[in-house]
Amino acid sequence: MAHGAKGFDAAVSFAGGCQCGAVRYTISGELPSAYACHCGECKKQSASAFSISIPISFARLSILGAPKIFEVTAYSGAVKRCYFCPECGTRLWHRSSASPDSATLKVGTLDDGRELAPQFHLWTSKKQAGILLDPASVKYETQPDDLLELRERMQH
Ligand SMILES: [Zn+2]
Ligand SMILES: [Zn+2]
């Protein structure tokens, strides 16, 4: 499977969902590249050392179940809507007022997302001790000013 391949293939899809199964989703087409974020917000939302996400067009997401939403103001000042399972609390995806047609899907919720290596790392200045990053990946101590454009180039 060629992750990161450009173009849309409706015959290909990827399934995922929350830990308890009350919310399930399918993404149609190939997956874009992933990125990781080591900021304090991502530690909280993942309850772990960092988040790993893919930016996708929201139209590609078919959802079964009814995720709950809470809103938070992002570092950029945009309002981020965070979708999570009301039963088990798993964070599933985010949508931002800065990019309303997109979703930032949490890779850990894919049934099999292990082939998705993060292409870049944000907020390495906040990185958890003992987490070693691929030397070939691009690293930002905070985040680039053109993050929104970068994400839009990644998704298809
Ligand atoms: Zn659940
Ligand atoms: Zn973050």
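Q: What joins strand 6 to strand 7, and in which sense do they run?
A: There are 6 bridges between strand 6, residues 68–73, and strand 7, and the two run antiparallel. Lys68 stands opposite Phe84 in strand 7. The hairpin of these two strands has 5 residues between them, and there Gly77 takes a positive phi near 95°.

Q: Why are strand 6 and strand 11 said to stand at the edges?
A: The open sheet has 8 strands in the order 6-7-8-9-4-3-10-11. Strand 6 and strand 11 (138–139) each have a single partner strand, so one side of each is without a neighbour in the sheet.

Q: What is the pairing of this sheet called, and which sense is found between strand 3 and strand 10?
A: The pairing is mixed. Strand 3 and strand 10 pair in the parallel sense over 4 bridges, whereas strand 7 and strand 8 pair in the antiparallel sense. Ala36 stands opposite His121 in strand 10.

Q: Which residues have the most contacts inside the largest nonpolar core?
A: They are Tyr35, Cys37, Ile54 and Leu92, in a core of 27 residues. The elements that give two or more residues to this core include strand 4 (51–57), strand 8 (91–96) and strand 9 (99–106). Strand 3 gives the most, with 4 residues.

Q: What does Cys37 touch beyond four places in sequence?
A: Cys37 touches Cys42, Phe50, Ser51, Leu122 and Trp123.

Q: Why is Trp123 called buried?
A: A residue is buried if 20 or more other C-beta atoms lie within 10 Å of its own. Trp123 has 22 such neighbours, and therefore it counts as buried. Trp123 is placed in the loop between strand 10 and strand 11. Although it is not a glycine, Trp123 has a positive phi of about 55°. Most residues other than glycine have a negative phi.

Q: Why does Glu141 count as exposed?
A: Glu141 has 12 C-beta neighbours inside 10 Å, and because the limit is 12 or fewer, it counts as exposed. Glu141 lies in the loop between strand 11 and helix 2 (147–154). Leaving aside neighbours within four places in sequence, Glu141 is in contact with Thr124 and Ser125.

Q: Where does pLDDT stay under 50, and what is the average for the protein?
A: The value stays under 50 over residues 1–5. The protein averages a pLDDT of 91, and 93% of the residues score at least 70. Where pLDDT is low, the predicted coordinates should not be read in detail.

Technical notes. Residues are numbered from 1 along each chain as its sequence is written. Chains are lettered from A and ligands numbered from 1 in the order in which they are written. This is a predicted model: local features need pLDDT of at least 70, side-chain atom pairs count only at pLDDT 80 or more; totals for chains, interfaces and linings use all residues. A nonpolar core is a set of buried Ala, Val, Leu, Ile, Met, Phe, Trp, Tyr and Cys residues joined through C-beta atoms within 7 Å. Two residues are in contact if their C-beta atoms, placed from the backbone, lie within 7 Å. Two strands pair if DSSP finds at least two bridges between them. pLDDT is the predictor's confidence in each residue, from 0 to 100.
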